[in-house]
Amino acid sequence: MKAVIMAGGFGTRIHPLTINLPKPMIPLVNRPIMLHIIDLLKKHGISELVLLLYHQPEAIKNFFGDGSEFGVRITYVTPLEDFGTAGAVKAAGKFLKERFLIISGDLLTDFDLSAAIEFHETQQALATITLTSVKDPLQFGVVITDKQGRITKFLEKPGWGEVFSDTINTGIYVLEPEVLDLIPDGENRDWSKDIFPLMLERQMALFGCNLSGYWADIGNTDAYLEACRDIAAKRVEVQKSERRTSRQDADIYLGEEVLIEEGERSRLEGMVVLGDNTHILGKVRLKNCFIGRNCLIEDGADLENTVLWDNVYLKRGARINGAVLCQNVRAGRGVIIEEGAVIADETNIGDEAHLRKDVKVWPRKVIERGAIVTTNLIWGEKWRKSLFEGSQVRGLTNIELTPEFSAKLGAAYGSILPKDAFILGGRDSVRSSRMLKRSFVGGLLSAGVNVRDTKMVSLPVLRYKLTTFGEVGGVQFRQSPEDPAATEILFYDGEGNEISSSTTKAIERIFYKENFRRVHYTEPGGISEIPRIYDYYREGFLRALDGDLLRRTAPKVVVDLNHSAAGNVLPALLNELGCEVIELNSHVSESRTGASPEQAERALQQLSSIVVTLGATAGFWLGPSGERIRLIDETGQLLADHEALITLAALVCRAERRGSLVVPVPAPQVVEEIARESGLMVNRTKADGRSLVEGGRERHAQFAAAMDGRFAFPSFQANFDALFTVAKTLELLARTGESLSKVRQGFPARAYQAIQIPCSWDLKGGLMRKMSEDSVDREASFLDGVKVQIGNDWALFLPDQHRPVVHLIAEAADRVTVERLLESYRRKVEQWKLDLQE
């Protein structure tokens, strides 16, 4: 007699266990589930097997081969389409010319199959469905039989008001080959929904055989864990590859080359299975655990009702209860994983992370140190739970951001834009940016969007062009300023501002669902160039400045162009304005790998020295994208970012005497004092770039500033522009007759400091609540974070939008006071974190 094993299901209900392998291959006590089924079939004298495959068939074929290693003969059938449970068996009809049995490859059971076969033969049935009683029949198909066992009624997924029996269909059938004649060739048919009801309608010999014993449909992760607990509790016996070792109060099964370093001190309780070459280092506690091959468990680990697949590494002090860790998972020191959690392949869990009950983590995730994970981390998502960080997508070049990823992202972006629209596409000088941009453009074209390619361009030039006309948006590819190994893709709307959160969510929805707009083959977008893009920028740049004044004063300026595209435009503009320009690092290089912090520090020291030596009016260091700027005064003093903000704000106030300044909530309070003296208003906004630029677009805005050295002068453009900041600073110095050092030294002496505190995403909301409660009796504002006023001093608690940290920023009369203020709030935050984790 032959048996047909149904092994083609997708296993979606049991994700993430089946992301990288088919469901019948899920390990159960270090052996595939289907191998336990084969053991059962052999026990009842069935060794001729037909395996029906569909999803990931090669994984099954590679493991089982022709079956000889396992004492059976296997024939594989892989239908070309998903024909359903019955249609798939029909596809194997040529191998089924006599009575045969059907069983699922993902069941765990110890049923007496011989009894079912004998019942079938005694009743002279055409089809016999093996039945069993369960406590909760709602999730299964209920089957009702008469006294002779003939089936009289089917109830598919009944409600409690329809449950007249707790007897269900187990998915194990004994069939005569004539039953296959009821199934049309090449059509989708299901046994329970189509064929058996048809047999019942035609009053054919359809019987149900009640069997007692253990039966479990391992349909989801909870059922998988329950099956493992049942094996450990000896509710069902399964064969094990490891040898049994008797030990008081425990059933221990050890594979080859197992090492238990402190066997006498470690506590092994219940049933414990340790696969080949697994090492236990130090004192551990294992109770009812199935440990795979090549695992490493360090001292202090405490595991109960836990399943580890192969190649899992648990560091010191890990505590896991009732969870599954799949292949190649790494868990750091002190990790806590609660009941029902499932951690898929190749996930790295940082030290002291805490994964809460029933959390599912899809493959290849990185869970940060100290994180508290309360929700599922799904396939396709990053730990930060979104594709975008603000208005940009960032990732490791050719690892996270690959050409395939970039093309898909371009198609998603193009799908939210009007068909036949135009966008600008730019990049920095780095080759990897060009590679990824070309792939991205391909995705855009596939969605019917046209691209005006600016090629290598400084970011302010691209954003300025967007403020004119003709394009609905723009993208810029650049090497990350923080990590040379990463690329950033920046997205802008039709006005040159960072795209909104609603736009990023629209792109993400299409990206993850892959619901791209694919235009007809005659309608892809086109690529064109903008040969005069620098001409647009030059005309607006010169028009926004007092060129005559600059030509009369002829300031000497030293500019470090940082090998960026700004070298193609800024020196010529400054020369045209009559400035004497000394250029540093003006050569544009495509092979640069980014400057280390030490190299950047040396470059600033060199710039400072040259400014003093040449007696220059000022020195400027430009960021590679042309947005960020560092200022050096004529004495060679490098201004910190907050000092540069105050200095430029003071120059604007003294030169303009009207309008408003736009600064973020964390900006020093002295800005208000400076503005008040000159009759200007201060508009504080959130610290993100979009909010600041929107503020800069408001009527009468004279100046907008971020806290990271990005500045905008709305008389030219409200977008951040380091190139224009150089020229505008020189013009303001000429108009006021001041020097940078004199303006800087004229500030009221105040101390300003900022620190970062690590904080998991799950704690941020709770910390905001704690900070708000702590500030109830104080003067506080809640525009961006929680800012508490303490006399003339203040402290700001600001959660980071894109990283697992919170910022503490404070300003006070002197350094001792500001450090004391920061330390007091740091202690509060650390205590609040402990309180929230309890």
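## Basis

In this predicted model, local features need pLDDT of at least 70 and side-chain atom pairs count only at pLDDT 80 or more, while totals for chains, interfaces and linings use all residues. Residues are numbered from 1 along each chain as its sequence is written, and side-chain values use heavy atoms, with hydrogens and water left out.

## Overall make-up

The protein has 21 helices and 52 strands. Both are DSSP runs numbered from the N terminus, helices being H or I with at least four residues and strands E with at least two. The C-alpha trace spans about 110 × 70 × 50 Å along its principal axes.

Of the 838 residues, 56% are buried. Buried means under 20% relative accessible area, exposed over 50%, and partly exposed in between, with a 1.4 Å probe and protein chains only. Among contacts (heavy atoms within 4.5 Å) with a separation of 6 or more, 59% are between residues 24 or more positions apart.

## Helix pairs

Two packed helices are described by the angle between their axes and the distance between the axes. The axes are lines fitted to C-alpha atoms, for helices over the stretch in contact, and angles run from 0 to 180 degrees between N-to-C directions. Helix H1 (residues 33–43) and helix H2 (residues 57–64) have axes that come within 12 Å and cross at roughly 50 degrees. H1 and H2 are therefore oblique to each other; angles under 35 degrees count as roughly parallel, over 145 as roughly antiparallel, 65 to 115 as roughly perpendicular and the rest as oblique. The crossing of H1 and H2 is right-handed, a term for a near helix turned clockwise from the far one by less than a right angle, with anticlockwise giving left-handed. Met-34, Leu-35 and Ile-38 of H1 make the contact with Ile-60, Phe-63 and Phe-64 of H2. By class, this contact of H1 with H2 has six nonpolar, no polar and no charged residues. Here Ala, Val, Leu, Ile, Met, Phe, Trp, Tyr, Cys and Pro count as nonpolar, Asp, Glu, Lys and Arg as charged, and the others, Gly among them, as polar.

Helix H20 (residues 761–774) packs on helix H21 (residues 815–837) at an angle of about 125 degrees, the axes being 10 Å apart. This pair, too, is oblique, and its crossing is right-handed. The contact includes Leu-763, Leu-767 and Met-771 of H20 and Tyr-825, Val-829 and Trp-832 of H21. Seven nonpolar, two polar and six charged residues take part in the contact of H20 with H21.

## Salt bridges

Side chains of opposite charge can pair when their charged atoms come close. A salt bridge is a side-chain nitrogen of Lys or Arg within 4 Å of a carboxyl oxygen of Asp or Glu, and by this rule the count comes to 56. One network of salt bridges links Arg-267, Glu-269, Arg-285, Asp-302 and Glu-304.

Asp-793 and Arg-750 form a salt bridge at 3.6 Å, N to O. Asp-793 lies in strand S51 (residues 793–799) and Arg-750 in the loop between helix H19 (740–745) and strand S48 (751–758), so the pair ties together parts that are 43 residues apart in sequence. Asp-793 is buried at 15% relative accessibility, and Arg-750 is partly exposed at 28%. In the salt bridge of Asp-708 and Arg-710 (3.0 Å, N to O), Asp-708 is partly exposed at 31% and Arg-710 is buried at 15%. Arg-803 pairs with Asp-800, their closest N and O atoms being 3.4 Å apart; Arg-803 is partly exposed at 38% and Asp-800 buried at 13%.

## A buried glycine

Gly-695 lies in helix H17 (residues 689–696) and is buried, with a relative accessible area of 4%. Leaving aside neighbours within four places in sequence, Gly-695 is in contact with Val-662, Asn-683 and Ala-701. The C-alpha atoms of Gly-695 and Pro-714, 19 residues apart along the chain, are separated by 9.8 Å.

## Backbone exceptions

Most residues other than glycine have a negative phi, and most peptide bonds are trans. The peptide bond from His-15 to Pro-16 is cis, with omega near 10 degrees; Pro-16 sits in the loop between strand S1 (2–6) and strand S2 (27–28).

Glu-257, not a glycine, has a positive phi of about 60 degrees. Glu-257 is placed in the loop between strand S15 (250–254) and strand S16 (259–260) and is exposed, at 62% relative accessible area. Asn-305 has a positive phi near 50 degrees. The loop between strand S21 (302–304) and strand S22 (307–308) holds Asn-305, which is partly exposed at 21% relative accessible area.
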